[in-house]
Amino acid sequence: MLLTILQRFFWMVVLVAAQLLVFNHIHLFGYATPLPYVYLVLSLPMDTERWEALLWGFTCGLLADITMLTPGVGAFALTLTAFMQPTLLKLMAPKDAVEDMRPSYSTMGFWSYSYYAGILTLQFSLAYFCVLAFNFHHFTDLAISFLSSWALTFLLCLIFQGFRKKRNE
């Protein structure tokens with residue numbers, strides 16, 4: 001149990017540090033900024049209690065907010081994503097999945113995992129950019145930022161999962 005907590009904490013710090021040091025400096029065409037720290041919530045196993053998922057989501061989002069100077073935006077968006085994650089994982093997991101199944105290409109299949117990751121990153125990006133903008137006066141800019149950032153975040157999460165799969169084989 002303690003080892004699992006320490007591993008998740010390590011990954012949370014690594015993902016937020018990567019966000020701060022690398023991904024915050026990527027602004028493709030002035031709009032697209034990837035937010036890959038959502039991968040922490042995507043990788044929570046199926047037997048994770050909802051309160052635990054919410055706690056990890058809030059803590060990771062808060063740490064990202066502190067480092068990115070976005071007060072409450074990441075914490076809100078990642079907590080909302082963590083709230084949806086267990087239900088969506090149970091819907092998308094194979095019927096014969098074991099209770100401690102970790103979402104991955106090998107346990108869910110590529111397409112099921114892609115749908116799962118796509119829906120959660122879409123929801124995360126939508127919540128993040130709507131709260132960050134807090135108005136719809138520049139709806140076109142908001143839509144472009146949201147969609148392009150979602151695409152980059154989703155792609156990065158699939159790449160992270162691919163590396164994780166290669167490492168476990």
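This is a predicted model: local features need pLDDT of at least 70, side-chain atom pairs count only at pLDDT 80 or more; totals for chains, interfaces and linings use all residues.

User: Which residues of α1 are exposed on the side away from its buried residues?
Analyst: In α1, Arg 8, Met 12, Leu 15, Val 16 and Gln 19 are buried. Seen down the axis of α1, these buried residues fall within an arc of 95°, so they line one face of the helix. The exposed residues on the other side of α1 are Leu 2, Leu 3 and Leu 21.

User: How far does α1 reach from its first C-alpha to its last?
Analyst: α1 has 20 residues. At 1.5 Å a residue, 28 Å is expected. The reach in the model is close to that, at 28 Å.

User: How far apart are the end C-alpha atoms of α3?
Analyst: Helix α3 covers residues 50-68, which makes 19 residues. At 1.5 Å a residue, α3 should span 27 Å. The distance in the model agrees with this, at 26 Å.

User: Which helices do the buried residues of α3 pack against?
Analyst: The buried residues of α3 are Glu 52, Ala 53, Trp 56, Gly 57, Cys 60, Gly 61, Ala 64, Asp 65 and Met 68. Their packing partners are α1 (2-21), α2 (39-42), α4 (73-92) and α6.

User: Is Cys 60 buried or exposed, and what is its relative accessible area?
Analyst: Cys 60 sits in helix α3. Leaving aside neighbours within four places in sequence, Cys 60 is in contact with Met 12, Val 16, Tyr 37, Leu 40 and Leu 78. Buried means under 20% relative accessible area. Cys 60 is buried, because its value is 0%.

User: What is the C-alpha separation of Cys 60 and Ile 159?
Analyst: Cys 60 belongs to helix α3. Along the chain, Cys 60 and Ile 159 are 99 residues apart. Their C-alpha atoms are separated by 20 Å.

User: Which residue follows α3, and what is its phi?
Analyst: Most residues other than glycine have a negative phi. The residue after α3 has a positive phi. It is Leu 69, with phi near 60°.

User: Is Leu 69 buried or exposed, and at what relative accessible area?
Analyst: Leu 69 lies in the loop between α3 and α4. The cut-off for exposed is over 50%. Leu 69 is therefore exposed, at 72%.

User: How far apart are the end C-alpha atoms of α6?
Analyst: α6 has 24 residues. At 1.5 Å a residue, they should span 34 Å. The distance in the model agrees, at 33 Å.

User: Which residue follows α6?
Analyst: Helix α6 covers residues 110-133. The residue after α6 has a positive phi, near 60°. That residue is Phe 134.

User: Which residues does Ser 125 touch, not counting those up to four places away in sequence?
Analyst: Ser 125 lies in helix α6. Ser 125 is buried, with a relative accessible area of 0%. With residues up to four places away left out, Ser 125 touches Phe 146 and Trp 150.

User: Which helix supplies the largest share of the lining of the second largest pocket?
Analyst: This pocket has a volume of about 240 Å³. α6 and α7 (139-168) each supply at least two residues of its lining. The largest share is four residues, and it comes from α6.

User: Which lining residues lie nearest the centre of the second largest pocket?
Analyst: The lining has 16 residues. By class, eight are nonpolar, seven polar and one charged. Nearest the centre lie Thr 33, Tyr 128, Phe 129, Leu 132 and Ser 145.

User: Which residues does Arg 102 touch, not counting those up to four places away in sequence?
Analyst: Arg 102 is found in the loop between α4 and α5 (105-108). Arg 102 is partly exposed, with a relative accessible area of 37%. The residues Arg 102 touches are Ser 43, Pro 45, Thr 107 and Arg 164.

User: What is the C-alpha separation of Arg 102 and Leu 44?
Analyst: Arg 102 is in the loop between α4 and α5. Along the chain, Arg 102 and Leu 44 are 58 residues apart. Their C-alpha atoms are separated by 6.6 Å.

User: What separates the C-alpha atoms of Tyr 105 and Arg 164?
Analyst: Tyr 105 is in helix α5. At 14% relative accessibility, Tyr 105 counts as buried. Tyr 105 and Arg 164 are 59 residues apart along the chain, and their C-alpha separation is 9.5 Å.

Technical notes: Residues are numbered from 1 along each chain as its sequence is written. Side-chain values use heavy atoms; hydrogens and water are left out. Buried means under 20% relative accessible area, exposed over 50%, partly exposed in between (1.4 Å probe, protein chains only). Contact means heavy atoms within 4.5 Å. On a 1 Å grid over the protein atoms alone, a cavity is a set of points where a 1.4 Å probe fits but cannot get out, and a pocket is an open set with protein on both sides within 12 Å along at least five of seven lines; lining residues have an atom within 4 Å of a point. Grid points are joined across faces, edges and corners, and a volume is the space filled by probe spheres set on the points. Ala, Val, Leu, Ile, Met, Phe, Trp, Tyr, Cys and Pro count as nonpolar, Asp, Glu, Lys and Arg as charged, and the others, Gly among them, as polar. The expected span of a helix is 1.5 Å times one less than its number of residues. The arc is that of the directions from the helix axis to the C-beta atoms.
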